[in-house]
Amino acid sequence: YQKYASRRGWRFETLEISKTEGVPGYKEAIAILTGDGEVYKQLRFETGVHRVQRVPETESQGRIHTSTCTVAVLPEAPEVSVEVMNKDIRV
């Protein structure tokens, strides 16, 4: 997604990365993409499970290794101001 965002002129900001223990890889990554207002429209259908299949160079028998990740695409809610009146509070 980082390269895709760059090609479209969007800003890609990594917020958090959690690496897996014991093996190289990532457990979780959270990022924000901002741009011309079309970011959510372009990426909303990316939500779901993605699967990558490959044969590593170190695999001598040609077995396929499968990796999966879950992608969630959420629009950022605009900031709003809320005023709660004392008469509306019941305890």
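1. The model is predicted, so local features need pLDDT of at least 70 and side-chain atom pairs count only at pLDDT 80 or more, while totals for chains, interfaces and linings use all residues. Residues are numbered from 1 along each chain as its sequence is written, and side-chain values use heavy atoms, with hydrogens and water left out.

2. Three salt bridges are present in the structure (a side-chain nitrogen of Lys or Arg within 4 Å of a carboxyl oxygen of Asp or Glu).

3. One of them joins the side chains of Arg11 and Glu13, with an N to O distance of 2.5 Å. Arg11 is partly exposed because its relative accessibility is 49% (buried means under 20% relative accessible area, exposed over 50%, partly exposed in between, with a 1.4 Å probe and protein chains only). Glu13, at 32%, is also partly exposed.

4. Glu38 pairs with Lys41, and their closest N and O atoms are 3.8 Å apart. Glu38 has a relative accessibility of 31% and so counts as partly exposed; Lys41 is partly exposed at 47%.

5. Arg63 and Glu59 form a salt bridge through their side chains at 3.1 Å, N to O. The side chains of Glu59 and Arg63 also make a polar contact at 3.1 Å (a pair of N or O atoms within 3.5 Å; within protein, one must be able to donate a hydrogen and the other to accept it, and residues adjacent in sequence count only if both atoms are side-chain atoms).

6. Glu59 sits in the loop between strand 3 (48-54) and strand 4 (65-71) (strands are DSSP runs of E, at least two residues, numbered from the N terminus). Glu59 counts as buried because its relative accessibility is 14%.

Conventions:
Helices (H or I, at least four residues) and strands (E, at least two) are DSSP runs, numbered from the N terminus.
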